[in-house]
Amino acid sequence: MTEHPALQLSNRIADLLADPNKAPEQWTSRPQWRQSLATGAPGIALLHIERAAAGRGPWEPARAWLAVAANNQVTSGQDSHPYYGAPALAHVLGCAAQARPGSYQRALDHLGQAVAADAQRRCEAALARIGASELPALAEFDTIRGLAGLGSVLLDRAPDGEAIRAVLACLARLTDDVKHDGQVLPGWWTLSGPSGKPDDHFPGGHANNGLAHGIAGPLALLALALRRGVEVDGQRTAIDTILAWLQRWRDRHTWPYWITPGHLAGTVRRPLAPQRPSWCYGTAGIARAQQLAALALGDTRLRQDAEDAMAAALNDPLSLAATTDLSLCHGYAGLAHIAHRAATDATVRNAARLRSAADLLLNTSHPPRTDPDAQARRLLTATGPAFLEGAVGTALALLGPASGTAPVTRWDACLLTA
C-alpha cells in the first residue's frame, strides 16, 4: 500500500535530521539550541522518539539527539520553562519512557523533582500576587512559559503528586475576577500586549483567549486533569467560568484572539474578519480546549458546539486562506493534527467532517505530485528544525493524520491538545 504523500514528506524530514553530527553550525551555535524544545535538539529527539515508538524508524537517532539535549547541566528553576530546560527535557524523556518502560528513570526522577519544585515556587508567587490584587503576566499561567505548560508535564509524570494539585488550585484561583482601576476584570487580564511586553497598541492591556498564551491553556489543563480523575476544590467552577467567557465572545465559529478594553466597553464588538484557525490563537486550539472540557464535564451540547466550531473553521475557505505556512503552531500541518485528534473524540457526524478537513489540510501541506525530498529540504532551509514553527513540528503533526493512527507517545501533551 502506497504511503500518503504527506507521510513521505514527514519521513524525509526525519531522514534529513537523523544525524546530529550533520546539523549545520548555524543551528547548533545558538545558545539555547541544546535545551530548547521550541527550536532545538529536544524537538528533533521527540520526532525520532515518536517514529521509533510507532515502528517507523530506528531508535539510534532518538538516542543520539537525546544525548545532545542532555549533554552538560540542564537548566532548572526560574530560568527554565515548559519549552526550555528541565520541563522540556522531562517531557521528551517521558515520551521515550512510554515506549521503553523503565528507561531513563533516574534522569526522569531528577527532572521531575526540579519541575515540581519550580511549579510550587511559581504557585506561591502567583498566590501572593493574587492576594495583593495585582494582575498577572502571561508567562505566569500560559502553555509556553507558565503554569499550564508545567502542569502538562506534572500531569503525565506525577499525577498523584502535590505539585500538580498546587498548579490546578492556582489556575482555579486565576479565574477569580480582579478589580483594577475601578473596573472588574477577569483574573487572567494582563497589562501587557500579546508578546508579554508593554505594548502601545494595547493601552490597558488585554485578556488573551489562545491556547498557547491565553486562557484556553489553563482550560485545557483543568479539563485534562479532571478527565484523569485529578481534581481540586474550585476546578469545575473555574472551567465553567472560562467556558462562559469564551461563549460570551464567540462570533459564529470563531473567537477574537484577545479581548481589549474596547471590547469590554462595547466599542470594538463587530463581526471578525477571516483569521487563521491556528493552534496557538485560533479556533482549532480554543475549540479543542472546549471539547476536552465538554468530555470532562460530560456536557454533550458543549461538545457538539466545540466540534461544530472546529469543523466549520477548518472547512471555511476564507479562514484557511488566512493560513500561510505548514507549521505545527499556526500552519496546515498543525491544523491537520488537531482535526485528527478531535475527530477521535467527536460525534459520528462531526468526526466525518473533521477527517474530511484533515484530508484537505494534508493535501495542502503536501500537494499531489510534489517531490517530498525537495519540499523537505526547502522547509529546513526556510524554517530550520524548529518544533513549533519549523520542519520538526510539521513532520510530527503530519504523522497521525497521514497514517490514520493516534500518536504512540503523548508527544503532543506539551500542546495541551491531548
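Helix axes here are lines fitted to C-alpha atoms over the stretch in contact, and the angle between two of them runs from 0 to 180 degrees between N-to-C directions. With that in hand, a couple of helix pairs in this predicted model can be looked at in turn. Two packed helices are described by the angle between their axes and the distance between the axes.

Take α3 and α4 to begin with. Helix α3 covers residues 41-53 and helix α4 covers residues 60-69; they pack at an angle of about 160°, and their axes are 8 Å apart. Since angles over 145 degrees count as roughly antiparallel, α3 is therefore roughly antiparallel to α4. The way α3 passes α4 is a left-handed crossing. On the α3 side, the contact is made by A41, P42, I44, A45, H48 and I49, and these meet P61, A62, W65, L66, V68 and A69 of α4. Sorted by type, the residues of this contact between α3 and α4 come out as eleven nonpolar, one polar and no charged.

Just ahead of that pair there is a spot worth a look. A38 sits in the loop between α2 (25-28) and α3. With a relative accessible area of 16%, A38 is buried, because the cut-off for buried is under 20%. What does A38 touch, leaving aside residues up to four places away in sequence? The answer is Y83, A386, F387 and L388. There is also G393, which is 355 residues from A38 along the chain, yet the C-alpha atoms of A38 and G393 are separated by 8.9 Å.

The other helix pair is α10 and α11. Helix α10 (residues 216-227) packs with helix α11 (residues 235-249) at an angle of about 140°, and the axes lie 10 Å apart. That angle makes α10 and α11 oblique to each other. Their crossing, too, is left-handed. From α10 come L219, L222, A223, A225 and L226, which meet Q235, R236, A238, I239, I242, L243 and L246 in α11. The contact of α10 with α11 divides into ten nonpolar residues, one polar and one charged.

Next, the backbone. Most residues other than glycine have a negative phi. Two residues go the other way here. S133 has a phi near 60°, a positive value in a residue other than glycine. S133 is placed in the loop between α6 (105-131) and α7 (138-141), and it is partly exposed, at a relative accessible area of 49%. R369 is not a glycine either, but its phi is positive, at about 70°. R369 belongs to the loop between α17 (348-365) and α18 (372-383). Is R369 buried or exposed? Its relative accessible area is 84%, so R369 is exposed.

How many disulfides does the count give? It comes to zero.

Conventions:
Residues numbered from 1 in each chain as written. Predicted model: local features only at pLDDT ≥ 70, side-chain atom pairs only at ≥ 80, totals over all residues. Heavy atoms only, no water. Helix = DSSP H or I, 4+ residues; strand = E, 2+ residues; numbered from the N terminus. Parallel < 35°, antiparallel > 145°, perpendicular 65-115°, else oblique. Left-handed = near helix turned anticlockwise from the far one by under 90°. Contact = heavy atoms within 4.5 Å. Nonpolar A, V, L, I, M, F, W, Y, C, P; charged D, E, K, R; others polar. Disulfide = S-S within 2.5 Å. Buried < 20%, exposed > 50% of the residue type's maximum accessible area, 1.4 Å probe, protein only.
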